[in-house]
Amino acid sequence: MDKDANNLQAVLIADGFTEEFKGLNESMPSWGMPVVNIPLISYAIEFLIFNKIRKLTIYAHAHHAVISSFLAFHKKENIDIVLVKWGEKPSVTSAFKDMDKEDQFKDDILLINSHNITNIDISEAIKALSLIHISEPTLSLIHISEPTRP
């Protein structure tokens, strides 16, 4: 099973499960908080495009309509984006239950949240995933993080 970023599907969790940004701007969801006048979610999408990931499913609950409008206005090339609305109180568990119910994913996924601001190249991790699947075909989770700097 040869893995590359073009086969890898990303799942972006748009809703926050904490109140880490509460109080900064009550009227704006955390994914829309601007950093250098660019909403956080844009950085996450650009990270995926940079890493040649071409399929993205965004799960949203509270601000589904706002995200839909944002995506319609800010069309991205080189990536297919599907927006899914949660029917119940959002959590990563409910997202995975929905994915399983819909039988949406037949292969590996990259799970990220909308608060990612990074430019790390994950191509080597994707290649490593391919090698791991040869020896451990049932492995279900690999944590990718940016290396610490001295």
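1. A definition to start with: a residue is called exposed when its relative accessible area is over 50%, buried when that area is under 20%, and partly exposed in between. With that in hand, look at helix α3, where Thr93, Lys97, Asp100 and Lys101 are exposed on one side, while Ser94, Ala95, Asp98 and Met99 are buried. Viewed down the axis of α3, the buried residues fall within an arc of 140°, so they line one face of the helix. Please keep in mind throughout that this is a predicted model.

2. What covers the buried residues of α3? The cover includes strands β1, β4 and β6. Helix α3 spans residues 92-102 and lies across β1, β4 and β6. The direction of α3 is at about 145° to that of β6.

3. Now for the sheet itself. Four strands make up an open sheet, in the order β5-β4-β1-β6, and their pairing is parallel. At the edges sit β5 (80-85) and β6 (109-113), each of which pairs on one side only. From one strand to the next, the twist averages 20°.

4. If you want to trace the pairing residue by residue, here are two places to begin. Strand β1 (residues 9-13) pairs with β6 in the parallel sense over five bridges, and Gln9 has Ile109 as its bridge partner in β6. Strands β4 and β5 also run parallel, joined by six bridges. There, Lys55 has Asp80 of β5 as its bridge partner.

5. How are β4 and β5 related through α2? Together, β4, α2 and β5 form a right-handed β-α-β unit. In residue numbers, β4 covers 55-60, α2 covers 64-73 and β5 covers 80-85.

6. Helix α1 deserves a look as well. Residues 40-50 form this helix, which packs on the sheet and touches β1, β4, β5 and β6. The direction of α1 makes about 155° with that of β6.

7. How many salt bridges does the model contain? The count comes to two. One joins Lys76 to Glu46, with the closest N and O atoms 2.8 Å apart. This pair links distant parts of the chain: Lys76 belongs to the loop between α2 and β5, Glu46 belongs to helix α1, and 30 residues separate them.

8. In general, an α-helix has 3.6 residues a turn, so residues three or four places apart point the same way. Glu124 is exposed at 53% relative accessibility, whereas Lys127 is partly exposed at 46%.

9. Two backbone angles are worth checking on your screen. Most residues other than glycine have a negative phi. Asn37, which is not a glycine, has a positive phi of about 65°. Asn37 is in the loop between β2 (34-35) and β3 (38-39), and its relative accessibility of 75% makes it exposed.

10. The other angle belongs to Lys52. Its phi is near 65°, again a positive value in a residue other than glycine. Lys52 sits in the loop between α1 and β4. Is Lys52 buried, partly exposed or exposed? With a relative accessible area of 49%, Lys52 is partly exposed.

11. Finally, have a look at Asp108, in the loop between α3 and β6. Asp108 has 17% relative accessibility and therefore counts as buried. How far apart are Asp108 and Leu8 in sequence and in space? They are 100 residues apart in sequence, and 6.1 Å apart in space from C-alpha to C-alpha.

Key:
Residues numbered from 1 in each chain as written. Predicted model: local features only at pLDDT ≥ 70, side-chain atom pairs only at ≥ 80, totals over all residues. Heavy atoms only, no water. Pairing = 2+ DSSP bridges. Helix = DSSP H or I, 4+ residues; strand = E, 2+ residues; numbered from the N terminus. Axes fitted to C-alpha atoms, helices over the stretch in contact; angles between N-to-C directions. Contact = heavy atoms within 4.5 Å. Buried < 20%, exposed > 50% of the residue type's maximum accessible area, 1.4 Å probe, protein only. Arc of directions from axis to C-beta. Salt bridge = Lys/Arg side-chain N within 4 Å of Asp/Glu carboxyl O. Right-handed = clockwise from strand over helix to strand, strands pointing away.
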